[in-house]
Amino acid sequence: MKPSWIIGQVVAQEVNLFAIIMFFVIVVLTLYITYWAAKKTKTTAAFYAANRNITGFQNGLALAGDYMSAASFLGIAGMVSLKGFDGLIYSIGFLVGWPLIMFLIAEPLRNLGKYTFSDVVAFRLKQRPVRIASATGSLMTIAFYLIAQMVGGGSLITKLFGISYTTSVIIVGAVMTAYVLFGGMLAITWVQIIKAILLIGGATVMVILTLSQFGYNPITLCQAAVERFDISVISPGSYISNPWDAISLGLALMLGTAGLPHILMRFYSVPDAKQARKSVFVATGLIGYFYILTFFIGFGAMLLVGHEAITAGGDKGGNMAAILLSDAIGGPGFMGFIAAVAFATILAVVAGLTLSGASSISHDLYINVIKKGMPDERSEVKIAKRATITLGIIAIILGLIFKGQNVAFMVGLAFAIAASANFPSLLLSITWRNFTTRGAVWSIVTGSVLSLVLIILSPTVWVDLFHNSSAIFPLKNPALISLPAAFIAGYIGSKLSSEPEAALKYDDEKVRTHLGVGAH
Amino acid sequence: MVKQKWQVSLLLTFLMLIIYFGFILLIAFDKEFLARPIGKDLTIGLPIGIGILIVAWLLTGVYTWWANRVYDKQVDELKRKML
């Protein structure tokens, strides 16, 4: 048998003409959507929330699109292809957060807020301190998530077109800035919907083609993997060796989903709580199905591409496994299609992140802190657009600094910050009458600072990046410490201060949370 | 009514937490259990893992079904009374 990894490698280094055509088709199509959306995007409600006109099903697709990022598709497939079963731990963790969003967060969020989740945290508290703190938490989460997406996007284009990593990262940054700048939420939503359909369709075809080489039987695929390696590929194993690491990662993945600003923001684009629910149901189903597909894709890549080819060219994270597999099973044409879809995925997710970052800066910081809540539509959109450009440049710089990290792992860190900084204050403000401004600020500051410091002291940064001999903090993921600490800080801060107005307003909040009366 | 809504939400939340952390704790402390082979070339961990993905989705379905059939009706009634 000819070792297929050789084929994969040769084609990857040549310029794939079909891929370039697909790439341009997708860019032109999405820019056309942006142009169409731009004509409808004049107000702040349009820019941030697509005029709240998106249906539950459409929003479900868009949520799935936002969530099925480069990390899911490239990162998890890569991780499964290199580590086997352990990749599944990530996909399960990424999915189980969704039911919690639905049970605890989605409806209150829809009914209480306007554009950002800080609206909910600050609903009955003092605006300025809470806004500053929660906007900082959002922006930190967004920064880490952006790193993962930019790194994935950069290495993908490098592989496809043979241009340098630096140029690739700049292209991703520039195109996505254009989406956000001109089309706002409406453009991004439709880009997400189209991309979600293409991605799920493409992944399905990929799995069918992979299974066709194993008699259309998933068990035969497992058998082949066990024969090639041993039973350990379908057992939990090497990657997460420390039990506390497993628990910490689990916490971060599950509760981080409920603290991701760009996901939470989507709930404002539907008309009411009922549609918000429906969108979570649709999204969870699609994402779950997709994760099952990525698991097969990972195994397919492990067998049909091989470890050496996946990690060739210094890609130690295995981010290119899915792309190489598409070449091995469908030839360069199919690879072009899959690569273009993966590229669209990255663009769309990065654009969604940037929009939520921009809304955090303009809506939370500019309007509610600097302008003290005086609404001014024109300057708000203007500030949001300037913030978009700034974030685009920051995204490019971050992408260049963090070259070569596994994107699923980087996203794991983003989730740890989201779970520690954003989720505790959000949950406490929805559920606890005696939550106060001080409690909220303490909780957010503790969660974000602690998770960031522990990440720096962890083996990943302290040893791998700074080349120290041993890590000061033993866990790879900080959530096990920083998440409970954020809850405790919120509790102590609230107990040490009293805010009768906030407690009184809790009853108003409750009526609005549950009935949707007075919601925007 | 609000109490009932939180009861349903919390019940489902705990169910999800128990399932997920049950799985994580197995990975953390009893890897052999998940590595136990079933049949010739499968481990018990595989169907469990994929099962969790499906159960998570079914739980969101249960909640949506409950909220649409029971909760929304109560909300509408209450709103009518208030107006």
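How far does helix α15 of chain A span between its end C-alpha atoms? The helix (residues 321–370) covers only 47 Å, whereas a straight helix of 50 residues would span 74 Å at 1.5 Å a residue. Keep in mind that this is a predicted model, where local features need pLDDT of at least 70 and side-chain atom pairs count only at pLDDT 80 or more, while totals for chains, interfaces and linings use all residues. Residues are numbered from 1 along each chain as its sequence is written, chains are lettered from A and ligands numbered from 1 in the order in which they are written, and side-chain values use heavy atoms, with hydrogens and water left out.

**Two helices to look at**

- Helices here (H or I, at least four residues) and strands (E, at least two) are DSSP runs, numbered from the N terminus. The expected span of a helix is 1.5 Å times one less than its number of residues.
- In α15(A), a kink of about 140° lies at A:G330, shortly before the proline A:P332. The bend at a residue is the angle between axes fitted to the seven residues ending there and the seven starting there.
- Most of α15(A) is covered, with 42 of its 50 residues buried. Buried means under 20% relative accessible area, exposed means over 50%, and partly exposed lies in between (1.4 Å probe, protein chains only).
- After α15(A) comes A:K372, which has a positive phi, near 50°.
- Now turn to chain B, where helix α3 (residues 45–82) has 38 residues and reaches 52 Å from its first C-alpha to its last, close to the 56 Å expected at 1.5 Å a residue. A kink of about 40° is centred on B:A67 in this helix.

**Chain B as a whole**

- Chain B holds three helices and two strands, and from the N terminus on its elements run α-α-β-β-α.
- The radius of gyration of chain B is 19 Å, well over the 12 Å that the globule rule gives for 83 residues, so the chain is more spread out than a compact globule. This radius is taken over C-alpha atoms, and the globule rule is 2.2 Å times the number of residues to the power 0.38.
- Along its principal axes, the C-alpha trace of chain B spans about 65 × 20 × 10 Å.
- Of the 83 residues in chain B, 41% count as buried.
- Take the contacts in chain B between residues at least 6 apart in sequence: 59% of them join residues at least 24 apart. Contact means heavy atoms within 4.5 Å.

- You can find A:Y115 in the loop between α6 (86–112) and α7 (118–121). This tyrosine is buried, with a relative accessible area of 4%. Not counting residues up to four places away in sequence, A:Y115 touches several residues, including A:Y48, A:R52, A:H363 and A:E380.
- A:T388 sits in helix α16 (residues 377–401) and is buried at 0% relative accessible area. Leaving aside neighbours within four places in sequence, the contacts of A:T388 include A:F47, A:T177 and A:T354.
- A:R266 belongs to helix α12 (residues 261–266) and counts as buried at 1% relative accessibility. A polar contact of 3.1 Å joins its side chain to that of A:T189. Such a contact is a pair of N or O atoms within 3.5 Å; within protein, one must be able to donate a hydrogen and the other to accept it, and residues adjacent in sequence count only if both atoms are side-chain atoms.
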